[in-house]
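Here is a short briefing to read beside your viewer. Please keep the sequence and the model at hand as you go.

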Amino acid sequence: MSVYTQPPCSSSTATTTLEPSIATSISTIHPDILQAHILNRLDGLSLVSTACTSTELNSLASHQDLWTNICHSIWPSTNTPRIREMISRLPSGWRSLFSECFPLTTGPRVNPPRDHDHPSELISAVDIHYKNKLIFSKDVETETSSSWFLCSPFRIDMLDPKDSCPTPIPNSGSEETCRDLAGDLSLSWILIDPTRLRSVNLSSHKPVSVQRHWLSGEVHARFATVLAAGDRGSASESVQCGIVVTCGGGAQGGEMHVRGVSLQVEDMDGVFLNGKGSLGVLTTGFEGKKGMSGRREMEGRKRYEIFLEMKRERRERRLKKEGALDMLCVSFGVMALVSLGLFLLLR
């Protein structure tokens with residue numbers, strides 16, 4: 001996990017841009033009052049911006065208790081003994097986790113490291129909110145070094161098939177439920193490499209699509225992050241880290257249950273990658289660039305739509321190529337039949 005880097009600003013420059021009276025008034029406030037009654041009321045992005053304004057505020061905004069409370073309020077699933085111990089070994093602690101997992105992963109670095117030593121274990125910390133209220137929070141450890149994992153289709157399930165989680169989501173039995181979830185459901189899936197202390201958030205924050213299954217009636221909310229294909233192909237190749245939340249159960253007019261939360265990696269041909277291929281993709285995600293955007297859901301949806309368009313264009317090219325091959329085979333077949341007919345007539 002890379003250490004948090006302060007946004008490009010100079011404390012001396014920031015201070016000189018402030019009015020002298022404002023700078024003086026801030027310096028007269030006791031640091032304990034700033035920390036206990038002002039800074040602890042800010043969210044993560046506001047705290048980052050505040051840290052840029054002066055050397056004094058930068059020092060106060062770096063206090064670990066502030067970032068611990070922010071991370072635990074956004075991602076309650078990170079408040080476990082093992083994750084807390086892992087974060088404590090980072091130079092910037094919980095501030096590093098925020099810088100890695102709050103922004104979207106926007107793509108590979110210009111010169112990505114050639115690191116083919118994939119993690120031997122992954123920790124998933126997942127939180128789901130509905131109308132800003134927590135409805136699901138869980139962490140799962142996945143062992144990734146076995147031959148079974150490397151050769152099998154990659155999939156991480158946060159719930160066993162027989163388990164479910166009750167929610168306050170109303171089941172209207174109509175498309176109104178899908179529209180409701182598209183706007184009010186949010187998800188975070190933090191994937192952690194505990195060996196190298198790296199992390200990445202694989203969720204688009206808001207669903208990129210919500211659909212009701214025509215047969216079972218279950219509602220599938222999809223979250224997605226598009227990453228580079230890693231060591232599977234060229235830099236132009238992309239894959240989708242798709243997270244599907246399945247909601248169902250409950251009579252019409254009642255409340256739905258979360259029946260499944262799963263993660264898979266899909267390439268542009270619609271093929272789900274195995275464990276080995278997925279680890280290569282996730283490694284590029286750990287090392288990828290991060291974009292600090294206030295509209296994460298819009299950026300995530302845009303990247304997902306571009307991925308679907310590229311996927312559609314590839315399918316059309318493949319169908320055209322297959323159609324040309326079919327025509328060629330038919331032509332050879334017709335020529336063979338004509339030749340055979342002429343041979344029989346001339347005998």
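Which cysteine sulfur is closest to that of C165, and how far away is it? The sulfur in C247 is the closest one, at 9.4 Å, which is too far for a bond. This is a predicted model, where local features need pLDDT of at least 70, side-chain atom pairs count only at pLDDT 80 or more, and totals for chains, interfaces and linings use all residues. Residues are numbered from 1 along each chain as its sequence is written, and side-chain values use heavy atoms, with hydrogens and water left out.

**Cysteines**
- Taking a disulfide as a pair of cysteine sulfur atoms within 2.5 Å, the count is zero.
- C165 is buried (under 20% relative accessible area, with a 1.4 Å probe and protein chains only), at 16%.
- C241 is also buried, at 0% relative accessibility.

**Around D267**
- D267 sits in strand β11, residues 255-267 (strands are DSSP runs of E, at least two residues; helices are H or I, at least four).
- D267 is buried, with a relative accessible area of 8%.
- The D267 side chain reaches the backbone nitrogen of D269 at 3.0 Å.

**F-box annotation**
- An unreviewed UniProt entry annotates residues 31-68 as "domain: F-box", and such annotations may be inferred rather than shown by experiment.
- Residues 31-68 are 71% helix and 0% strand, with the end C-alpha atoms 19 Å apart.

Conventions:
Buried means under 20% relative accessible area, exposed over 50%, partly exposed in between (1.4 Å probe, protein chains only). A polar contact is a pair of N or O atoms within 3.5 Å; within protein, one must be able to donate a hydrogen and the other to accept it, and residues adjacent in sequence count only if both atoms are side-chain atoms.
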